[in-house]
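Open the model in your viewer and keep the selection tool at hand.

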Amino acid sequence: MNLTNSAKLLDLSVGGFSCTCDASVSLADSIVKIDIVLLDQDFYLPNLLCKKVDSKRVPGIFTDGNKTIRHYRFKFIDIDSEVHSILSDFIKN
């Protein structure tokens, strides 16, 4: 996933995150590298390796043009202590 395929972050923890995005975004691979960008909070973590844990269609929710939305859950893989600390500090504040 990249900024051209942005998603709405729903939940963030030191172990992973969940998000929604347009179902046409290709996330067929179970292992992906993502950037977490929260513009309104000036937060950026690039190149996080994640494993897709779950994916399901969200019934009845559409974006512009009646595109279907999917809900995804991801688990972080092999994050180092620095990234873990950054996530932990961000979540606490």
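Select D11 and show its neighbours: leaving aside residues up to four places away in sequence, D11 touches G16, F17 and S18. The model is a predicted one. D11 sits in strand 1, which covers residues 8-12. Is D11 buried, exposed or partly exposed? Its relative accessible area is 47%, so D11 counts as partly exposed, since that class lies between 20% and 50%.

R73 is 62 residues from D11 along the chain, and the C-alpha atoms of the two are separated by 9.1 Å.

Next, move to F17, one of the residues that D11 touches. The structure holds 4 aromatic pairs. In one of them, the rings of F17 and F74 have centres 4.9 Å apart and planes at 15 degrees, so this pair is stacked; the angle is under the 30 degrees set for stacking. F17 belongs to strand 2 (residues 16-22) and F74 to strand 5 (residues 68-76), so the pair links parts of the chain 57 residues apart. F17 is buried, with a relative accessible area of 7%, and F74 is buried too, at 5%.

F76 is buried, with a relative accessible area of 7%.

Finally, select F17, Y72, F74 and F76 together: ring pairs link these residues into a cluster.

Technical notes: Residues numbered from 1 in each chain as written. Predicted model: local features only at pLDDT ≥ 70, side-chain atom pairs only at ≥ 80, totals over all residues. Heavy atoms only, no water. Helix = DSSP H or I, 4+ residues; strand = E, 2+ residues; numbered from the N terminus. Buried < 20%, exposed > 50% of the residue type's maximum accessible area, 1.4 Å probe, protein only. Contact = heavy atoms within 4.5 Å. Phe/Tyr/Trp six-rings, centres within 6.5 Å; stacked < 30°, edge-to-face > 60°.
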